[in-house]
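The entries below follow the order in which I went through them.

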Amino acid sequence: MPSRTKRRITAEDLYRFELITGVEISPDGEHVVYSLQRVERKTEKKYSSLWIVPTSGGKPTQFTYGDHSDTQPKWSPDGKTIAFLSTRRDEQQSQILLIPFDGGEARPLTNLKGSFGGFEWSPDGRRLVCMFRKKDRSELEREKDSTKKELGLVARHIKRVFYKLDGSGFLPEERFHLWVIDARTGRAKQITDSPVYDEGHPRWSPDGKRIVFCSNRSPDPDMDPDAVDLFIVSAEGGRLRKIPAPVGRKMMPSYSPDGRTIAYIGVEGRAQWWKPNGLWLVPSNGKGKARNITESVDFDVGVASMGDMVGAEQSPPIFSPDGMKVYFQVSHFGNTVVMATTTSGDYIESVIVRDGVTGSIGLDAAGRRMGCVRCVPDNPCEVKVTDLETRTWGNLTSHNERLLKSIDLGSVNDVWITGPDGNPIHGWILKPPGFRPSRKYPSILQIHGGPLMQYANNFMHEFYYLAANGYVVYFCNPRGGSGYGSEHAKAIWHNWGSSDYTDVMAFADFMEKQPYIDKKRMGVTGGSYGGYLTNWIIGHTTRFKAAVTQRCVSNLISMWGSSDFNWLFQEPFGGASPWEDVESLWAQSPMKYIGSAKTPTLVIHSEQDLRCSIEQGEQVFVALKRLGVDTEFVRFPDEPHGLSRGGRTDRRIERLNHILRWFDKHLKGKSMKE
């Protein structure tokens, strides 16, 4: 019989993919629990259920059911119970629930009103520690009074400078604090409190008596955001003990098995965004210096790899059971891998190094098996397990296999070229399904956001969708991003639009010389920082026949104070506020050069984007209109900065269709579809 012809990917396939998060391996190493998300097309709602799969192989089984969100599963130390967050009682309010692994109904553990962050079981399984932020008293009063609830908020009285956050909206007056919850009774005790300070990333000591966490206790944390320190508090609450360590951002601490050492991820120094994260060790008694044990290898500890389906989750450093090794994620050369180092830092080895992005890693109690979620170019996410003794590797799930087997994605390969200053540039070329070398193809240059991120060997639905419609899609990691060392990242510090611009143009030059590229039909697009560089490009060259700028940055002067990052956005551009050095901010602003733009440009922005305010896109649209340049403006209501990755599915599809329509019009000469 003839083989079945594969179809091409569509925008509507976003409804069909199932996405995995929260992978956790059981203490005995026999099972993995994870959260699987699906989209209900009729209501546009996203629901998640817990699934279980044996590490020895076998069919995954659904563990929880219902139209709600079950996420962040955590095994109890004895492996008999799974704690997780769920909205099954109230879709607007998550609670911690417990469910027996051997069967039975899930029972609510908490009944709190507010927002949960991360949580963790105590070593003896009797308690949990969690980050929790209570609702403001005024909001609780409105909920109780139907008239006040119907009328809504009268006014916002803002006292702190960081008062909003993209994806969350306006922040409450309450802060995130640490709570300890009895796993049997559900009794919740708040063990830290402050109207000024937040606490985060709590982890238990091995004896269960203390909790380490991160907090900024400077006089005004909003004015000194890098002054994050490690603190230890008794599990019963009380006085905080600060662990001496160099000033700089810190996150995700972990105790060693003997309790004598704390590992954390961090950077030394203030206003040093370009510095790669390192893996640090510090004595828990505070009587020794903190050491960056990965400093000599100059790579990024953590997850900096981009995808548009599911974000790879970063895990805390994990000690081996004997305390001799530490496992951690590293973003390097277009991959996120897992590495291990001795606690001396003398020997660093690769554990999971295959092309792809590794997120949400976990180790069993014996230190033999590691479970994780892996994202690769031809599959957005599946659960994997690695036997660390035999170095064997197994795939445990195939949730998207049936869908992907029916689709011809085209072919993608990575390339390295020499940049304008003799620097290496790493990039990828995606050729459409049915590619014929003898043809001349229209092409689209994609530019990533950040800029301190990296494109990776990851699944990019948007890229495959454009390729499915006959485009060669190409993308690279120019200087200014993560994953290629500190000098690569620092290259555009205080000088955006310099070597980053010349690098992407060098990659476009390389592509233009390929025999299958039609140099008269080249387009460019990017979002966030990629939108910034798209704006920069149309103000500096006319080589591209069409552009799409998304959730962009255009004017660094008006950007100052209007973003959820507000005044901090002065740091990458010279460190001065507008009244101190308006010339530097203006020189690095694409709006300064917009008068030279002639490229037909579609502007896309979300109306609830609090990272790059929609006024940034508005300025580009109005300027292009005044210049007589072909332009349109597409605005998405109720969506934040991350629409392309996590927005409502119908809006994500609409966005893709507008991008395709614009490029089809200007690169293929197709008439507009109203």
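The model is a predicted one, in which local features need pLDDT of at least 70 and side-chain atom pairs count only at pLDDT 80 or more, while totals for chains, interfaces and linings use all residues. Residues are numbered from 1 along each chain as its sequence is written, and side-chain values use heavy atoms, with hydrogens and water left out.

**Entry 1, Glu571.** Leaving out residues up to four places away in sequence, I found Glu571 touching Ala271, Trp273, Trp493 and His494. Glu571 sits in the loop between helix 8 (556-559) and helix 9 (578-587); helices here are DSSP runs of H or I with at least four residues, strands are runs of E with at least two, and both are numbered from the N terminus. I then asked how far Glu571 is from the nearest side chain of opposite charge. Buried means under 20% relative accessible area, exposed over 50%, and partly exposed in between, with a 1.4 Å probe and protein chains only. A salt bridge needs a side-chain nitrogen of Lys or Arg within 4 Å of a carboxyl oxygen of Asp or Glu. For charge, Lys and Arg count as positive and Asp and Glu as negative, while His and the chain ends are not counted.

I followed one of the contacts of Glu571, namely His494, to the loop between helix 5 (486-490) and helix 6 (499-512). At 35% relative accessibility His494 is partly exposed, and its phi is positive, about 65°, although it is not a glycine.

Most residues other than glycine have a negative phi, and most peptide bonds are trans. Arg391, not a glycine either, has a positive phi of about 60°; it lies in the loop between strand 30 (379-387) and strand 31 (392-395) and is partly exposed, with a relative accessible area of 43%. I also noted a cis peptide bond between Gly450 and Pro451, with omega about 5°, and placed Pro451 in the loop between strand 34 and helix 4.

How many of the eight residues of helix 4 (residues 461-468) are buried? I counted eight of eight, so the helix is mostly covered by the definition of burial used here. Among them are His461, Glu462, Phe463 and Tyr464. The cover includes strand 32, strand 33, strand 34, strand 35 (472-477), strand 37 (546-550) and helix 12 (649-668). Gly470 follows helix 4 and has a positive phi, near 95°.

Side chains of opposite charge can pair when their charged atoms come close. Searching the whole structure gave 37 salt bridges, and I examined several of them. Arg38 and Asp67 meet at 2.8 Å, N to O. Since Arg38 lies in strand 2 (residues 31-40) and Asp67 in the loop between strand 4 (61-62) and strand 5 (70-75), the pair ties together parts that are 29 residues apart in sequence. Arg88 and Asp70 form another salt bridge, at 2.7 Å, N to O. Here Arg88 is in the loop between strand 6 (81-86) and strand 7 (95-100) and Asp70 is in strand 5, so the pair ties together parts that are 18 residues apart in sequence. Arg88 is partly exposed at 32%, whereas Asp70 is buried at 0%.

Is Ile407 buried or exposed? With a relative accessible area of 3%, Ile407 is buried, and it lies in the loop between helix 3 (401-405) and strand 32 (411-418). Beyond residues up to four places away in sequence, Ile407 touches Lys6, Arg7, Arg8, Ile9 and Asp13. Ile407 and Thr5 are 402 residues apart in sequence, and their C-alpha atoms are 8.9 Å apart in space.

I placed Glu268 in the loop between strand 20 (261-266) and strand 21 (278-283), where it is partly exposed at 42% relative accessibility. Apart from neighbours within four places in sequence, Glu268 is in contact with Pro246, Val247, Lys275 and Trp280.

Terms used:
Contact = heavy atoms within 4.5 Å.
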